[in-house]
Amino acid sequence: KNSIKAMEKELVTCSLQGKEKAALKRSQIFQIPGGKDLETKVIVVLGKAGMGKSILVQKICQDWSNGEFSQFEFVFWFDCKQISLPEKQYSLKDLLLEFFVKPQEGSKEIFEYILQNPAKVLLVFDGFEGLHDHENLPRCSASQPEKDSCSIKELLSGLIQKKILNGCTLLLTARPKDKVYQYVSKVDKTIEIVGFSPQQRELYITKYFEGLPYCDNALKLIKECEYLFSHCYSPLMCRFVCLLCETVLEMGEKSLPSTLTTVFLKFVQQKVIPTQMHVTAMQNQESLATLARIAWYLGEKHQSAMKSDLLPSKEVKEFALKYGFFLPFAFPRHSDSGEEEFGSTFSDFVIQNFLGALHLMLAEEIKDKSLTKYLSLPSKKKKPYNWLDLVPRFLAGLWFLQDDPYLCSLSNKDVKQSTKKQKTLLKYIRKLQINELCPERLLDLLHCVYETQSNYLLQHVALRLKPDLSFLGVVLTPPDVHVLHYILKRSRKEFSLDLRNSSIDMQGLKDLIGLKNVASFRASLSDTVRTWQSLEQTRDYELLRASTEKFVLDPFKAKTMKDVSDLSDLVEMQKKMINCVQDASGCSSYEIPAIKNLRKLEFALGPVCGLQGFLKLVEILAAFPSLRHLDLDALSENGIGDEGAKSLSEVFPTLTSLETLNLSQNKITDVGAEKLATALPSLSSLKTLSLYNNSICDFGAENLAKVLPAMSSLRVLDVQYNKITGVGAQQLTESLRKCPHIKNLVMWNPTIPYGVLEHLQQLDSRISV
């Protein structure tokens, strides 16, 4: 059972690695090519907190109410915070027709119609992370789950497992770090919201301040604070930064805070400091400390909402609502009593994180030394200590703001204690084995150190980074890139960066590859070529030339048609580069080093696109003068067949450096073998040729035997698992006598009688079976 789960997770990981950036219209969300109408379809929308997942869901509902998505007659939308109370029990009928909408009449008939027409039902669960904690979703045990009451987790489990309403469409929204795939074995479509581009950020800020006298000033002020501007890729943070900027400009101040911690401390300070008497100030401080405690303890339970009767006092509730820390919230009605329960939820995830960190700083019971465990940095294996994943950053920032007058007034502690706290953090980070941190933990550390703005700590970390930094498959957001750039440029070392599958944006890639101490980098081909095209259009030839010198491609593995297209685009880019270099320096030739130095190329498109992709690849093979290893097996049967073999043989004369050619498992017959054999002598450097597990018979073996003496560089030939008989084997053996340069001929075939093969091996010990 566990191995099946592991396999499913592995498949999901692989499919997500091949993700493509694309603008998607809302009307395309439910388009699933090849989906079966009779089965439940599961669509997952991923996005960090504040990316606009809930807004997207609201727009889908609005579109549907305006006549779009006509395939659905019913759309039910659930905010998972509202239905997550563990003591609540629902039947499917309760959930749909009591909690979500209560028809005036005909509930029974409507529910029966829904059960009979599941394909016409869309169920949206917004904020999937609000439904689960550390255990898996339990199996649905109700005998009649449509009508029996069970927990929301069991109900959702029944929907996902297709025991309930099989054939409906499920749309789940979640954060990328929430392991949705542990709970959902089959996902039909995954969409990730990546946030605003730099241009969209500018547009949002301009629209926000439109018509105000300081409109131009606001955009300038935010862009000057590059770190805050990078955070504006998140729609929620963009709005938050605009709100803060508005207050700062109204107060006549000239700059914005430089870290997230100072931003949120200023936000809290402006909201909470009253203009009235001292008593109210004390009361506000107490209320804030209470809210901070609630934020932390809810976070430990993976929650952001609570029932009103759990709040300690009316004053705290009024304070939280008045200053926008809380939003009012309705829990589901009891179907028997019809009463609605009211509660509160934190207005946004980042506020809850900041207040959670504030609680750790203010709590008397938490000692300085034990505070470091909440940074969640040291181990690869341990899960982060808390669901509130921004807490470590805020905690580190608050540690170094202990002498801030406002923070001191909250904690009633003197400055001596603050320097003691800072020494604890310094000691902790000095002990960290920075080189052994996995990429995610390393990014967490960089953010924490950035928030402290301690020159000593920034320098300490910068000097201890290893020269080879890999972020392969780790999503790098604009703030991640800003912090990485900020710390890398402080180091005297030269770095090699691997940024493949990191979803890094173009501006971020330009910034990192523009650093003088970044000596080389790998990034997704499409991102790299797109960045170079942008640099060419803006005539930034200096950075274009520098970045092409730093780009590394070897070894390259083509796994999709897009990889082959990207490689073609790279070769095309070289032609444009010649013109650019000619314009800039008068030099008439230029080779992109990555193209010039590519030594190993693996082709693994599989049987569906294998031939089509390979024919496209053959067109550009001549562009790689140093290619030594061409692997067309790569654990993926590509099935290039005789047509692919013929096309490849035509470019053999240009592959003068090729030493290893692996054509195993490609459905090549005698026809393809004949074409290959004719051209093989032109591969002047070839040492190893593998034709393992094809469909070559005696005619193909005869053609290979004829050309072996002319292949003076060849050392190993593998023709095992073909359809060669004793006749073909005899011809190859006779040819081998004229080839003292060949060291090994691997020739076992099920069609060669064992006695014959044994006899041939006795004649020539270089024959392997």
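Q: Over the face of which ring does Arg175 lie?
A: This is a predicted model, where local features need pLDDT of at least 70, side-chain atom pairs count only at pLDDT 80 or more, and totals for chains, interfaces and linings use all residues. Residues are numbered from 1 along each chain as its sequence is written, and side-chain values use heavy atoms, leaving out hydrogens and water. A charge sits over a ring if NZ of Lys or CZ of Arg is within 6 Å of the ring centre and within 35 degrees of the ring normal. At 3.8 Å from the ring centre, Arg175 lies over the face of Phe349.

Q: Is Phe76 buried or exposed?
A: Buried means under 20% relative accessible area, exposed over 50%, and partly exposed in between (1.4 Å probe, protein chains only). The relative accessible area of Phe76 is 3%, so Phe76 is buried.

Q: Which helices hold Phe240 and Phe267?
A: The ring centres of these two residues are 4.7 Å apart and their planes stand at 55°, so this pair is tilted. Helices (H or I, at least four residues) are DSSP runs, numbered from the N terminus. The pair ties together parts 27 residues apart in sequence, because Phe240 lies in helix 10 and Phe267 in helix 11.

Q: At roughly what angle do the axes of helix 8 and helix 10 cross?
A: Axes are lines fitted to C-alpha atoms, for helices over the stretch in contact, and angles run from 0 to 180 degrees between N-to-C directions. The two axes come within 10 Å and cross at roughly 115°.

Q: Which residues of helix 8 make the contact with helix 10?
A: Contact means heavy atoms within 4.5 Å. On the helix 10 side are Val241, Cys242, Cys245, Val248 and Leu249. On the helix 8 side are Ala218, Leu221 and Ile222.

Q: What percentage of the protein chain counts as buried?
A: Both Phe240 and Phe267 are among the buried residues. Of the 769 residues of the protein chain, the buried part is 52%.

Note on methods: Rings of Phe, Tyr and Trp (its six-membered ring) pair if their centres lie within 6.5 Å; planes under 30 degrees apart count as stacked, over 60 as edge-to-face and the rest as tilted. Helices (H or I, at least four residues) and strands (E, at least two) are DSSP runs, numbered from the N terminus.
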